[in-house]
Amino acid sequence: MIQGTWIVQCGGVGMVAQLTALERTYAAIILVCVICVGVAMAVAGRGDLMAAHGWIVALFGMVVMALLLRGIDAPDPWEERFREYYDDPTKVGIILSLIWGVIGMFVGVWVAALLAWPDLTFDAAWASFGRLRPVHTSGVIFGFGGNALIATSFHVLQRTTRARLPDQLSPWFVLLGYNLFCVLAATGYLMGLTQSKEYAEPEWYADLWLVIVWVVYFLIYLRTLARRREPHIYVANWYYMAFILVVAILHIVNNLAVPVSIGHAKSYSLFSGVQDAMTQWWYGHNAVAFFLTAGFLGMLYYYLPKRAGRPIYSYRMSIISFWGITFMYMWAGSHHLHYTALPHWVQTLGMVFSLVLLVPSWASAGNALLTLNGAWHKVRDDAVLRFMMLAAIFYGIATFEGSFMAIRAVNSLSHYTDWTVGHVHAGALGWVAMITFGSLYALVPWMWKRPALYSARLVEVHFWLALAGTVVYVFAMWNSGITQGLMWRTYDQNGTLAYSFIDTLVAMHPYYIARTVGGLLFLAGAVVAFYNIWMTISRPAPVDEGAAADLPVEPPAPRAWAQAGE
Amino acid sequence: MSVGERDPVTGHMTTGHEWNGIKELHTPVPKPVWFFLIAFTLFGVIWVLLMPSFPYGTGYFKGWLGVDQKQTVAERLQEGSADRAAWVARIDSEDFATILKDGELMPIVRETGHTLFGDNCAACHGIGGTGNSGYPNLGSAPMLWGDDPQTIAQTIAVGINGADPQTRVSQMLAFGRDQMLERPAILQLVTYVRSLSGLEEKTAENAAAIDAGRELFAQNCVSCHGEDAKGLKDVGAPDLTDRFWIYGSGREAVYQSIYGGRQGHMPSWGLRLSPLDIKILTLYIIDLREQQRATGGSGT
């Protein structure tokens, strides 16, 4: 059965057959539109790099269309499906997330190595640091993290509302549309297309496309919640919704730009000078807040208590944390611009909000760890739960460090140094990736109706690779960053700077090698995870899935499903 | 509406809500959370009152401490230049020879010069001034435009083929590409030029080439490189008889130099650095050369 069957299922007939005839028709119409837009971009943008993107869009549309056509004639799905949750997009999202994760982390190791051995560009423009680096950041944040968020949010949303997703087309539109955006982003960077806004590099047409995708994503949330069969909305959904809503606002405002012409990829931002910098870092810091924090807290709030089998420690702390985090983060962005042309008063506000933010952040981390009371023996024995526990700890470490670095005096040492890079990776590797891997490990057996993962031992191996990689990486960058910061500010007794910039590069070289090793360990762990999950999926399913508990209690729509059998 | 139950582990009540098996405890917010929330907020309020903070219409609240980052920078810059004032004045006023002999000033020149050189010159000339392919060795090679202090300072200030109107201009002609010499002639020149510094021994096979090359050299090259091939400082033409080669001494490299010509570029640093910085760099380079001479430094 195994791999082949699954690919067919995933790639076409099985999953397409789950769509109704009407949904398949709509899907075909949307895909024709996508292909037309792609061709139009290719024609309008000939002579410009936009043409390459046009062809990529058209090709993407055609591949999905080919998969759709293979199952277009399948009979309408059994009405019984309304008694089950709709998990196909989640399954595909998990796989996409892992693929992006391995690619993004590989490129991460590459750019880390580039800093230690600059010749690794092989004299190719596409392999220069400036082009590969956003492939790494977008690959891991949006490709790996974003797909994991979409996949888990669909899963969590249905389970905590006891309602099936409102239809079967829009989740696919969101998942595949989002991945088209990711492909446009990554290929654009390699060709040299960028808006030069960190974490918002893709050009105007990719940004417009993401707006459409994101609005549909939010509507799925609202439509499902409106049909929920639980009286209350669970905390995980507060966070997922904050993530979706705020990312939409951030994305739209920061990407306001005027293209050179409709046939050119290049655009000019609506903002300039210090306003541009402030808008960018309002966006950038809230991308950390609402993409990399709120979204993944949603993940934590479902998979951690579920895996631990414990109730959330304090509902009241959840409330304080949620409103504290969402309110404070909004104002903290200016701490990225301490000691710049940004007016001093904006810096003061950014610093103060960043400091107070520590309290709700630690309340969140504490709430997660206290939830494990009564389940610590499971943390010891179960590496999946240990991933989540470690994520909560690193969340605490990274948020403490963040608030600390937002203090202007501290920032005068840390700014522009590798300390920042170390801080980001304490959060990205220690918190975001750990909670993602923990959640995916928990989720995969449920989704594919397997009794357990292929190998618990490999999860254990991954856990220690991930932890070792993170620790090596973060310590290397702390050392490098603080060394660098101190060298930059050291004056000798004659009142002259003691070190030239190139002296600091020599001092940082060993740490750059250590950082590459740390990244390599982390990448190795991700490859192990990919193998383990792939083997879990491709093993034959047991005859009785015993998943009766994982169903909405009653079908949401009083439709003709009853005639279908019972 | 919902009725909670008591959690046996913590002894706290649940809220009575349940989502797919997940419950929540109604645990009160721990006191430390309230404490720190209030403490941090209080600190925030106080800090906002002390520092420049809230905007209003056309201005902003300046803060009770009256701190202003632009003013702070200006003050720090002033303090910084006050620290340097004593020795800066001496370097400014005294001549090169005096400073070079001064046991107090030269350590300062070495420290300051190291940073200036590292930040401005090392990208091309290497961190120790040892040069790279295309960029001369400053520690031991003869200076193209002369090595007395005034000349070095002038070279740094105006650059070579640089943006300054007074820039030094130097161009080695593209004898091959511009069809002044055929390939066999260039090859003969290569052999001759390399033989000048002993890179090619005269043998039976290349004797003819060297002789022909000498003839070609006399016809084409002496106007810049001199009859003795020792170069002319007026036009920045290098000495071809020494062991230093800016663009490499291999046959291929020398061929490329003659075929395509060379037009090295050094920025006009006077447009960017202060006269004091240039004077320090000049002293630093002279000092570097003296140290290299003392230790018998080698070059490429």
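Residues are numbered from 1 along each chain as its sequence is written, chains are lettered from A and ligands numbered from 1 in the order in which they are written, and side-chain values use heavy atoms, with hydrogens and water left out. Because the model is predicted, local features need pLDDT of at least 70 and side-chain atom pairs count only at pLDDT 80 or more, while totals for chains, interfaces and linings use all residues.

Chain A has 18 helices and two strands. Both kinds of element are DSSP runs numbered from the N terminus: helices are H or I over at least four residues, and strands are E over at least two. The radius of gyration of chain A is 24 Å, close to the 24 Å that the globule rule gives for 566 residues, so chain A is as compact as a globular protein of that length. That radius is taken over C-alpha atoms, and the globule rule is 2.2 Å times the number of residues to the power 0.38. Along its principal axes, the C-alpha trace of chain A spans about 90 × 65 × 40 Å.

Of the 566 residues in chain A, 59% are buried. Buried means under 20% relative accessible area, exposed means over 50%, and partly exposed lies in between (1.4 Å probe, protein chains only). Contacts, defined by heavy atoms within 4.5 Å, were also counted. Among contacts in chain A between residues at least 6 apart in sequence, 82% join residues at least 24 apart. Accessible areas come from the Shrake-Rupley method with a 1.4 Å probe; for residues, only the protein chains shown count as cover.

Chain A carries 32 positive and 30 negative side chains, and the centres of the two sets lie 6 Å apart. Lys and Arg count as positive and Asp and Glu as negative, while His and the chain ends are not counted. Each charge is placed at NZ of Lys, CZ of Arg, CG of Asp or CD of Glu.

UniProt, in an unreviewed entry, places the feature "binding site" at A:His136 and A:His425. These positions are spread over 290 residues of sequence, yet they cluster in space, with a largest C-alpha distance of 12.5 Å. UniProt positions are given in the numbering used here, feature names are shortened, and annotations may be inferred rather than shown by experiment. A:His136 lies in helix α6, residues 129-161. A:His136 is buried, at 14% relative accessible area. Not counting residues up to four places away in sequence, A:His136 touches A:Gly104, A:Val107, A:Gly108, A:Val111 and A:His425.

A:Thr470 sits in helix α17, residues 456-489. A:Thr470 counts as buried, at 0% relative accessibility. Beyond its neighbours within four places in sequence, A:Thr470 is in contact with A:Phe394, A:Leu429, A:Gly430, A:Met434 and A:Phe522.

Two loop residues have a positive phi. For A:Arg162, phi is near 55 degrees, a positive value in a residue other than glycine. A:Arg162 lies in the loop between α6 and α7 (170-191). A:Arg162 is partly exposed, with a relative accessible area of 23%. For A:Lys449, phi is also near 55 degrees. A:Lys449 is found in the loop between α16 (418-447) and α17. A:Lys449 is partly exposed, at 27% relative accessible area.

Chain B has 11 helices and four strands. Its radius of gyration is 35 Å, well over the 19 Å that the globule rule gives for 300 residues, so chain B is more spread out than a compact globule. The C-alpha trace of chain B spans about 110 × 60 × 45 Å along its principal axes. Buried residues make up 42% of the 300 residues in chain B. Residues 24 or more positions apart account for 55% of the chain B contacts with a separation of 6 or more. Chain B exposes about 16600 Å², with carbon and sulfur atoms supplying 57% of it. The mean positions of its 25 positive and 34 negative charges are 2 Å apart.

For chain B, an unreviewed UniProt entry lists residues 33-52 as "transmembrane region". Residues 33-52 of chain B are 90% helix and 0% strand, and the end C-alpha atoms are 29 Å apart. UniProt also lists "domain: Cytochrome c" (unreviewed entry) at residues 108-197 and 208-289 of chain B. Residues 108-197 of chain B are 46% helix and 0% strand, with end C-alpha atoms 39 Å apart. Residues 208-289 of chain B are 51% helix and 0% strand, and their end C-alpha atoms lie 39 Å apart.
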